[in-house]
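Hi everyone, thanks for having me. Let me put the sequence and the model up on the screen, and then we can walk through them together.

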Amino acid sequence: MNYQFTCPQCGYDRHIEEIMEGAHLCSKVSSIYPEGGVGDEIETTETEWQDGALDRYQCSNCGFEIAKTTEDLISWLKEHGMLVKLKNFEVQIKGEVTKTIKVEAVDEETAIERAHELFTVNCENPNEEKYDQETINTKEV
Ligand SMILES: [Zn+2]
């Protein structure tokens, strides 16, 4: 979220709700059961909202009306210092992962080799994802 909203009416830090009016919920009628029996007589799928116009922006907690238009909402947030600039961060995480991988191989050496390959199979870019690998134990099962 790139805004921080503290409601002047209720004082809570909540998100802003966009209220639309005149919107229709449209569905495709997939089945009709004239005798009932399945519960509903009409079964629908692919439900989606259509049309509708912006009515207002409000506090999600108490319904305090902030603005009627997007433009007014932005100026209101700016005025109250509630628009915050997002910064970019790069977070590097070091973790320890232990996996037991079952492989088919002719001997132990090949088994270890194949298991290590499988261990890193999802690393497309080794700069982004890197695992320190160490064989802890090998046994024939
Ligand atoms: Zn409120």
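Here is something to look for: which residue in β2 does Val29 stand opposite? It is Thr44. Before we go on, a word on where this comes from: it is a predicted model, in which local features need pLDDT of at least 70, side-chain atom pairs count only at pLDDT 80 or more, and totals for chains, interfaces and linings use all residues. Residues are numbered from 1 along each chain as its sequence is written.

Let's start with the overall layout. The protein has two helices and three strands, and along the sequence they follow the pattern β-β-β-α-α. Both kinds of element are DSSP runs, numbered from the N terminus: helices are H or I with at least four residues, and strands are E with at least two.

Now the sheet. Strands of a sheet pair through backbone hydrogen bonds, either parallel or antiparallel. Here, three strands make an open sheet in the order β1-β2-β3, with antiparallel pairing. Two strands count as paired if DSSP finds at least two bridges between them. At the edges are β1 (16-32) and β3 (65-67), each pairing on one side only. From one strand to the next, the twist averages 45°.

Take the pairs in turn. β1 and β2 (residues 42-59) run antiparallel and are joined by 14 bridges; besides the pair we began with, Ile19 stands opposite Arg56 in β2. β2 and β3 are also antiparallel, over two bridges, and Gln58 has Glu65 in β3 as its bridge partner. Five residues lie between the strands of that hairpin, where Gly63 takes a positive phi near 85°.

What packs on the sheet, touching β2 and β3? That is helix α1 (residues 70-79), whose direction makes about 105° with that of β3. Axes here are lines fitted to C-alpha atoms, for helices over the stretch in contact, and angles run from 0 to 180 degrees between N-to-C directions.

Finally, please find Ile66 in strand β3. Why is Ile66 called buried? Because 20 other C-beta atoms lie within 10 Å. The cut-offs are 20 or more such atoms for buried, 12 or fewer for exposed, and partly exposed in between, with C-beta atoms placed from the backbone. Of the protein's 141 residues, 4% count as buried. Leaving out residues up to four places away in sequence, Ile66 touches several others, including Ile16, Tyr57 and Trp76; touching, or contact, means that C-beta atoms, placed from the backbone, lie within 7 Å.

Key:
Two residues are in contact if their C-beta atoms, placed from the backbone, lie within 7 Å.
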